[in-house]
Amino acid sequence: VEAKTLNDFILGQNLEKVDFIKIDTEGGEFLFLKEWSDILKELNHPTLLISFHIKQLEEKLLFLSLKSKFIAKVFLKISRILSFYFPRKKIINELTKIEEVLSSYRYVYSLNGQEFKFKEAINSPREIGNNSFIFSNKAWSKHA
């Protein structure tokens, strides 16, 4: 599979305007969103639909820190039973880095159209969980 950066893709397609981007990368959002600040600014902050996959982030962080797949899998199993993320501070740190990139968006909505306080939810990663959110600079009308 050929991989391209967002910037290379946009330039290669000769797109004049990008006003919506859907991101569903099964945990990859934590890798590349941190690098997108400049491109989002250049695109005039298009609306983003981002699916967050904190379980995949948790798995990656556990594997990196424990260096044993068996022990990491045990922790993941316990994590699922207790509904608690084990590398919680590291997850919060990753969410904080992403929030810094997304802080230029005035509105965050859940998929049901309710405004969501993403910055406040960072300290409770379970609220973000494996959910999708819309980041926009356009207010949604309650009567639309």
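Here are some questions and answers on how the terms used for this predicted model follow from its values.

Q: What makes up the secondary structure of the protein chain?
A: The protein chain has 8 helices and 4 strands. Read from the N terminus, the order of the elements is α-β-α-α-β-α-α-α-β-α-α-β. The C-alpha trace spans about 50 × 40 × 20 Å along its principal axes. Of the 144 residues in the protein chain, 40% are buried.

Q: What share of the contacts in the protein chain with a separation of 6 or more comes from residues 24 or more positions apart?
A: Such residues account for 70% of those contacts.

Q: Why is Ser 51 called buried?
A: Buried means under 20% relative accessible area. Ser 51 has 8%, so Ser 51 is buried. This residue lies in strand β2, which covers residues 47-51.

Q: What makes the pair Ser 51 and Ser 132 a polar contact?
A: The two side chains make a polar contact at 2.6 Å, and the cut-off for such a pair of N or O atoms is within 3.5 Å.

Q: How far apart are the C-alpha atoms of Ile 91 and Arg 126?
A: They are separated by 10 Å, with the two residues 35 residues apart along the chain.

Q: How do you know what span to expect for α4?
A: The expected span is 1.5 Å times one less than the number of residues. Helix α4, residues 54-66, has 13 residues, and 18 Å is expected. From first C-alpha to last, α4 reaches 18 Å, close to that expected value.

Q: Which residues of α4 are buried, and what do they pack against?
A: Ile 54, Leu 57, Glu 58, Leu 61 and Leu 62 are the buried residues of α4. Seen down the helix axis, they fall within an arc of 130°, so they line one face of α4. An α-helix has 3.6 residues a turn, so residues three or four places apart point the same way. The buried residues of α4 pack against α2 (29-32), α5 (69-82), α6 (88-102) and α8 (125-128).

Q: How does the span of α5 compare with what its 14 residues should give?
A: At 1.5 Å a residue, α5 should span 20 Å, and its end C-alpha atoms are 20 Å apart, which agrees.

Q: Which residues of α5 are buried, and which are exposed?
A: Ala 72, Leu 76 and Ser 79 are buried in α5. Down the axis of α5, these buried residues fall within an arc of 60°, so they line one face of the helix. What covers them includes α4. On the other side of α5, Phe 70, Lys 73, Lys 77, Ile 81 and Leu 82 are exposed.

Q: Why is Asn 14 called exposed?
A: Exposed means over 50% relative accessible area. Asn 14 has 64% relative accessibility, so Asn 14 counts as exposed. Asn 14 is in the loop between α1 and β1 (20-23). Phi of Asn 14 is near 55°, which is positive in a residue other than glycine. His 45, in the loop between α3 and β2, likewise has a positive phi, near 50°.

Q: What lines the largest pocket?
A: The largest pocket, with a volume of about 300 Å³, is lined by 19 residues. Lys 17, Val 18, Asp 19, Leu 43 and Asn 44 lie nearest its centre. The elements giving two or more residues to this lining are α1 (6-13) and α3 (37-42). Helix α1 gives the most, with 3 residues.

Terms used. Residues are numbered from 1 along each chain as its sequence is written. This is a predicted model: local features need pLDDT of at least 70, side-chain atom pairs count only at pLDDT 80 or more; totals for chains, interfaces and linings use all residues. Side-chain values use heavy atoms; hydrogens and water are left out. Buried means under 20% relative accessible area, exposed over 50%, partly exposed in between (1.4 Å probe, protein chains only). The arc is that of the directions from the helix axis to the C-beta atoms. Contact means heavy atoms within 4.5 Å. A polar contact is a pair of N or O atoms within 3.5 Å; within protein, one must be able to donate a hydrogen and the other to accept it, and residues adjacent in sequence count only if both atoms are side-chain atoms. On a 1 Å grid over the protein atoms alone, a cavity is a set of points where a 1.4 Å probe fits but cannot get out, and a pocket is an open set with protein on both sides within 12 Å along at least five of seven lines; lining residues have an atom within 4 Å of a point. Grid points are joined across faces, edges and corners, and a volume is the space filled by probe spheres set on the points.
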